[in-house]
Amino acid sequence: MALSDRGETWQSWLAALPRLITTVLDEWRLRVDGSVAAGECAVVVPVMDERGSPAAVKFAWPHDEQRCEHLALRAWDGHGAVRLLRADPTRGLLLLERAHPVDLTSVAAVDACEIVAGLYRRLHVAAIPQLDLLSQSCSRWSDELLALPLQAPVPRRYVEQAAALARDFGHDPETDGVLIHTDLHYFNVLAADREPWLAIDPKPLSGHPCYEIAPLLWNRWDEVVASGDARRAVRSRFFAVVDAALLDEDRARDWVVVRELVNVMSTIRDALARPAANGSAGLDRDDRDWVTRALTIAKAVQG
C-alpha cells in the first residue's frame, strides 16, 4: 500500500491511520472483506456489515478538497454516483456502496467519454449551499494568469486569452449554481452491481457543467500520443462529450482553455518556487511535459 507523500502536515494522520481503521471497524461493526486500496490521500477498506452486505470505508486525510465530498454524495443519493451509507466528516470517514475495481480505462476513450457524459445528466443538479463558488476562483485565476512572468515558457496570447475568459466567467451568473464533480474522469468512474458505472471521489463545486470536460482530455494521455495525431484524438474526445451531454460547444471550449492554462500557470509557479537539483529554480522534464500537454489540448479544441 503506497500513499503519495504530502509532507509533514499529514504525517500525524498517517501515523494514526492503523489505529483509526481498527477503531472504526469496531464502532461500525464491520469486518474487512478484501484488499485495502490506497489513493493519493485516502485509503479504502472493503468491508461487510452485520447483515453480510458489502460496502467500503474511505479513510480520507482531511483537506480542503475532501471537505464537502459527503455532502455531494448525499445530494446525489446514488443517482450516477456511489451511494453514501454513513459519514463522519470530522474524522474524514465515509461508508460507501461498494463498487468493483474496474474503471473506465477498460473502455475505449471516446466510448468512455460518452459514458461520462451520460453521468453528467444525472449528477448536474442544483448546487448545495455549502459549496465554494467557481466564479470566485475565476476572478483569482484571471489575476494570477496575468501575473505570470513575460518570460514564462508559454505563449503570452494563450495566457491573456485564458485570463480574459476567466474574468468574464467570474462575472457571469451562469458560472455558479450547478453541483459539479470537477474531477470526473476515467479513473473516478467504477463498474458496479446496481448500475453499470458509478462516479466516485467528487471534488464538488457550485459551478457550470462545461467546466467538467477538461480532465477527460488530459487523462490517458499516452493514448493520445500513441495515436500519432494528438489534435484529432483530443477533438474526438471533446466532441464525444459535448455531443452526448448536449453541452454548448463554445462555452465548453472556453472552459477547457481556462482549465488548461490554469494547469500551466500552477505548474510554472510551483517550479519557480522549487529549487532544482542544481540549486536553481526551473521546470523539470515532468513539468515541461505537463505544460506541453496542456497547451496541446488548448490548441486542439480551438481548431
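This is a predicted model: local features need pLDDT of at least 70, side-chain atom pairs count only at pLDDT 80 or more; totals for chains, interfaces and linings use all residues.
User: Which residue does Arg83 meet in a salt bridge?
Analyst: The partner's side chain comes to 3.9 Å from that of Arg83, N to O, and a salt bridge needs a distance within 4 Å.

User: How far apart are the closest N and O atoms of Asp88 and Arg91?
Analyst: These two residues form a salt bridge. Asp88 is buried at 17% relative accessible area, while Arg91 is partly exposed at 26%. Their closest N and O atoms are apart by 2.7 Å.

User: Which helices are linked by the salt bridge between Glu144 and Arg269?
Analyst: The closest N and O atoms of Glu144 and Arg269 are 3.7 Å apart. The pair ties together distant parts of the chain, 125 residues apart. Going by where Glu144 and Arg269 sit, the helices are H4 and H9.

User: How many salt bridges are there in the whole structure?
Analyst: Some of them join up: Lys58, Glu69, Asp183, Asp201 and Lys203 are linked in a network. A search of the whole structure brings the count to 23.

User: What about disulfides, how many are there?
Analyst: A disulfide needs two cysteine sulfurs within 2.5 Å. Cys41 has its closest cysteine sulfur in Cys68, 15 Å away, so that's too far for a bond. Cys113, buried at 0% relative accessible area, is also too far from its closest one, 14 Å away in Cys210. The count of disulfides is zero.

User: How much space lies in the largest pocket?
Analyst: This pocket is lined by 36 residues, with Gly39, Val44, Asn188, Ile200 and Asp201 nearest its centre. Strand S3 and helix H2 are among the elements that give two or more residues to the lining. The lining divides into 18 nonpolar, seven polar and 11 charged residues. The space in the largest pocket is about 1,100 Å³.

User: And which helix gives the most to the lining of the second largest pocket?
Analyst: That pocket holds about 950 Å³ of space and has 27 lining residues, including Glu65 and Tyr211. The top contributor, with seven residues, is H9.

Technical notes
Residues are numbered from 1 along each chain as its sequence is written. Side-chain values use heavy atoms; hydrogens and water are left out. Buried means under 20% relative accessible area, exposed over 50%, partly exposed in between (1.4 Å probe, protein chains only). On a 1 Å grid over the protein atoms alone, a cavity is a set of points where a 1.4 Å probe fits but cannot get out, and a pocket is an open set with protein on both sides within 12 Å along at least five of seven lines; lining residues have an atom within 4 Å of a point. Grid points are joined across faces, edges and corners, and a volume is the space filled by probe spheres set on the points. Helices (H or I, at least four residues) and strands (E, at least two) are DSSP runs, numbered from the N terminus. Ala, Val, Leu, Ile, Met, Phe, Trp, Tyr, Cys and Pro count as nonpolar, Asp, Glu, Lys and Arg as charged, and the others, Gly among them, as polar.
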